[in-house]
Amino acid sequence: MLDTNDPAPDFTLPGNNATNIQLLQFRGKHVVLFFYPRDDTSGCTRECLNFSEAKETFDKKDTVVIGISKDSVASHDKFIAKHQLTIPLLSDENSTTCEDYGVWKEKNMYGKKYMGIERSTFLIGRDGKIVKVWRKVKVPGHVADVLSTL
């Protein structure tokens, strides 16, 4: 499991607007990488909106914010347009990056077990090493907590 001071695993994933984003391209900046379960669900929508609303503040702190889920690029495009999100969302349909970051977990809802993304956020330093990890994130107050850590 990844922890503080570990190198953040690099990835190249497709994002909204038919772009590919590689983590390595942001070396020299801070990166907030947040994993969320699903587009257009209440908690995930709130989390994405909160990060979007704080984008200017993150920009002033020389920090890039990126969201990742298993949803398709088409789903991300619709989600972004519907909620006017201002942050890039990447598609990890094969769960490779989710597994590399240790967020692809067995979950349990109403006695039914299934695999899914555990809502998690990674603050990655300018050098590509993990500065802080938040697991099992609760959405209210999370963005403020990330900003105060920066």
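Which residues are exposed on the other side of helix 5? Before turning to them, note that this is a predicted model, in which local features need pLDDT of at least 70 and side-chain atom pairs count only at pLDDT 80 or more, while totals for chains, interfaces and linings use all residues. Residues are numbered from 1 along each chain as its sequence is written, and side-chain values use heavy atoms, with hydrogens and water left out.

Helix 5 spans residues 142-149, where helices (H or I, at least four residues) and strands (E, at least two) are DSSP runs numbered from the N terminus. Its buried residues are His-142, Val-143, Val-146 and Leu-147, with buried meaning under 20% relative accessible area, exposed over 50% and partly exposed in between (1.4 Å probe, protein chains only). Because these residues cover an arc of only 135° around the axis, they lie on the same side of helix 5; the arc is that of the directions from the helix axis to the C-beta atoms. An α-helix has 3.6 residues a turn, so residues three or four places apart point the same way. The exposed residues on the other side of helix 5 are Ala-144 and Ser-148. The buried residues of helix 5 pack against strand 3, helix 1, helix 2 (55-60), strand 8 (120-124) and strand 9 (130-134), contact being heavy atoms within 4.5 Å.

Helix 1, one of these partners, has 12 residues and reaches 16 Å from its first C-alpha to its last, close to the 16 Å expected at 1.5 Å a residue; the expected span is 1.5 Å times one less than the number of residues. Its buried residues include Cys-44, Leu-49 and Phe-51.

The aromatic rings can now be followed. A search of the whole structure finds 8 aromatic pairs, in which rings of Phe, Tyr and Trp (its six-membered ring) have centres within 6.5 Å, with planes under 30 degrees apart counted as stacked, over 60 as edge-to-face and the rest as tilted. Phe-34 and Phe-51 form a stacked pair, 4.4 Å centre to centre with 20° between the planes, and this pair links distant parts of the chain, Phe-34 in strand 3 (residues 30-35) and Phe-51 in helix 1 (residues 42-53), 17 residues apart. Phe-34 is buried at a relative accessible area of 0%, and Phe-51 is likewise buried at 0%. Phe-34 and Phe-51 also belong to one aromatic cluster with Tyr-36, Phe-58 and Phe-79.
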